[in-house]
Amino acid sequence: MLRDRMRMTLRHLGINASNYKVLKLLPLVYVAWASGKISPLQEGRLVDLAHNHFAIGEAGERILRGWISQRPDAAYFKEGLNDILRLAYAPDEWEFDVDELKGLLAHAEAIARATAQALDAPTSVTETEEQALADIARELGVNDGESRSEERRVGKECRSR
């Protein structure tokens, strides 16, 4: 029953059993779109991660490029994040694992930090990106972590001076 339900919801997102791993990149795309556009640096990182870390294949890359060229709506992002959580807790037939959820949040934060002005600096995360990260953490049931929050707080204080 779960398998049929997952196939139906994934199909609704334009994803199928052969390219469902691309869904792991959706939180990263969500953060990249937080500012209203995806920068070339963020796009490069997304594609690099897709090839070198997530092994999404050609069909998955087409989906990713679609997300990059046209922002999915809020309902799509929410459904996709919920599907990630369901897949993480599904039986082993899906290549998702609960332990990966924190890693997806960390990758999403790395995308937020990808700016030409302050590459990988905690201060480069904007308020809208912080909100997107909080949304992802909430939807995936992942604690956002004190250390990153502290870095962001210090970064905000530096920017306000």
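Tutor: The side chain of Q42 reaches the backbone oxygen of I111 at 3.2 Å. This is a predicted model, in which local features need pLDDT of at least 70, side-chain atom pairs count only at pLDDT 80 or more, and totals for chains, interfaces and linings use all residues. Residues are numbered from 1 along each chain as its sequence is written, and side-chain values use heavy atoms, with hydrogens and water left out.

Student: Why is Q42 called buried?

Tutor: Buried means under 20% relative accessible area, computed with a 1.4 Å probe and protein chains only. Q42 has a relative accessible area of 3%, and therefore Q42 counts as buried.

Student: Which residues does Q42 touch, not counting those up to four places away in sequence?

Tutor: Contact means heavy atoms within 4.5 Å. On that basis Q42 touches A32, K37, I111, A112, A114 and E129.

Student: Where is Q42 found?

Tutor: Q42 is found in helix α3, residues 40–54. A helix is a DSSP run of H or I with at least four residues, numbered from the N terminus.

Student: What makes L140 count as buried?

Tutor: The relative accessibility of L140 is 2%, which is under the limit, so L140 is buried. L140 has its place in helix α7, residues 127–140. Not counting residues up to four places away in sequence, L140 touches L81, I84, L85 and L101.

Student: How many helices does the chain have?

Tutor: The secondary structure comes to eight helices and zero strands. Of the 161 residues of the chain, 45% count as buried.

Conventions. Helices (H or I, at least four residues) and strands (E, at least two) are DSSP runs, numbered from the N terminus. Buried means under 20% relative accessible area, exposed over 50%, partly exposed in between (1.4 Å probe, protein chains only). A polar contact is a pair of N or O atoms within 3.5 Å; within protein, one must be able to donate a hydrogen and the other to accept it, and residues adjacent in sequence count only if both atoms are side-chain atoms.
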